[in-house]
Amino acid sequence: MELCMTGIDFVHAPLEKREAVSLVRGQVQALLPCIAAQKGVQGCVLLATCNRTELYLHGAEGAQLDALAVLAEAAGFDAAEYRGYSITRTGEDAVHHLMQVAAGLESQIFGDDQIVSQVKGAVALAREAKTVDAVLDTMFRRAVTAGKRVRTETRLTGVPASAAEVGARRAAQFFGSLEGKRAVVIGNGEMGRLAASTLRAQGYAVTVTLRSYHHGETVVPAGCDTWPYDTRCEVLDGADLAVSATTSPHFTLTAEQVAAMRNPPRLLLDLAMPRDIEQAVGEDKRVTLLNLDDLGDLGDHNAEAREVAMRILGEEEQAFYEWYGYRQALPLIAAVKDEALTRLHYDHAYNGLHEDGDLDGLAELAVNKTVDLLLGGMKELVDAEHLAACLAHMRKGSGR
């Protein structure tokens, strides 16, 4: 199995290293064809989230692919610089890792329910770019199924569903009482809306900054006010909490902007990757700045739920390997059919039945000859249990 992946994630790389190779959707779309064009690559999928950049490759038979070098060449960074900040997995290790990622078991926020959508989105982008082959497509489909099953079949008690929820909990701990507290959320994407609605549910007066507003098109969480993004510093001055969660390549808040505020927010949460808020903002004694690395894991790791999750992953991995094994066997299956037909033609009884036009006899001879040849070549593997299962499958297919 010529599968390999490389990952630069929160476990192996500090924020500044991850930030340098963080990719947005448009960048992933542009990189996929470049990666697929490299020698030995038959298929590729690039998963880019706030906490990980992972490249999955399926290579031609015998290909010795260096996934980190492939990614570095396409993305334009120095592979040697990232050898100590990345992890490479091959074969079954790569499959198992993807399953765990899709289930949220490898997330910074244990059980994060956003990741399965991101895994699904990654393979969808690869399909659009025509860079995913059958092996990676099937592997990712099984991983998405595994992630969905883990979310619906397990109870991850006490585990926050997203970084937005963890940030809201940390804010509640920071302020103690939420009475009269005012929050400003910069960004109205998926994470921004989730943060705004979560804070609103906790009792904050929430204002969401918008770059533009189109009636009937722009979705703003219920109960939240809006403010133009370009004048965000005005509404931030005097607020208690600021949350920034955008995909902007530039800072949404700089140290200079915060220093100019008379009453900057006491707590600033940066939920973006790359970071939205300039790190130097944290040097201002009037504020506390927390980013994704600071949030950590507030989840209660439920051992029973993890055990169930691992069982589910095992089932989906096995389903993938069964598909893969059958796919690998297809050329041999075709060869077996050809050989069985050839051997049938050499059978003395065949010519007589053929001359007589005895179709039932020919059919019986063909079946008996083929079954005998197959079972005779697998004597050590055949037992009553497997034959009974095969017979049940055959009867099911015939409607009996």
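This is a short chat about a predicted model of one protein chain.

Trainee: What's the mean pLDDT of the chain?

Mentor: The mean is 86. Of the residues, 89% reach 70 or more.

Trainee: Where is the pLDDT below 50?

Mentor: Over residues 157-161. That stretch still has 20 contacts in the model beyond near neighbours in sequence.

Trainee: Switching to the sheet. What's the strand order?

Mentor: The order is β7-β6-β5-β8-β9-β10. It's an open sheet of six strands, with parallel pairing.

Trainee: And which are the edge strands?

Mentor: β7 (225-228) and β10 (288-290). Each pairs on one side only. From one strand to the next, the twist averages 20°.

Trainee: How many bridges join β8 to β9?

Mentor: Four, between residues 241-244 of β8 and residues 267-270 of β9. In that pair, S244 stands opposite D270.

Trainee: Which strands does helix α8 lie across?

Mentor: β8, β9 and β10. Helix α8 covers residues 163-175 and runs at about 165° to β9.

Trainee: Now packing. How many residues are in the largest nonpolar core?

Mentor: It has 58. I35, L46, L57, V119 and M139 have the most contacts inside it.

Trainee: Which helix gives the most to that core?

Mentor: Helix α7, residues 134-153, with eight residues.

Trainee: What is L57 in contact with, leaving aside neighbours within four places in sequence?

Mentor: The list includes E2, L3, C4, I35 and V41. L65, V70 and L136 are also among the contacts of L57.

Trainee: What other core lies apart from the largest one?

Mentor: One of 28 residues. Among them are L15, A164, L178 and L292.

Methods
Residues are numbered from 1 along each chain as its sequence is written. This is a predicted model: local features need pLDDT of at least 70, side-chain atom pairs count only at pLDDT 80 or more; totals for chains, interfaces and linings use all residues. Side-chain values use heavy atoms; hydrogens and water are left out. pLDDT is the predictor's confidence in each residue, from 0 to 100. Contact means heavy atoms within 4.5 Å. Two strands pair if DSSP finds at least two bridges between them. Helices (H or I, at least four residues) and strands (E, at least two) are DSSP runs, numbered from the N terminus. Axes are lines fitted to C-alpha atoms, for helices over the stretch in contact, and angles run from 0 to 180 degrees between N-to-C directions. A nonpolar core is a set of buried Ala, Val, Leu, Ile, Met, Phe, Trp, Tyr and Cys residues joined through side-chain atoms within 4.5 Å. Buried means under 20% relative accessible area, exposed over 50%, partly exposed in between (1.4 Å probe, protein chains only).
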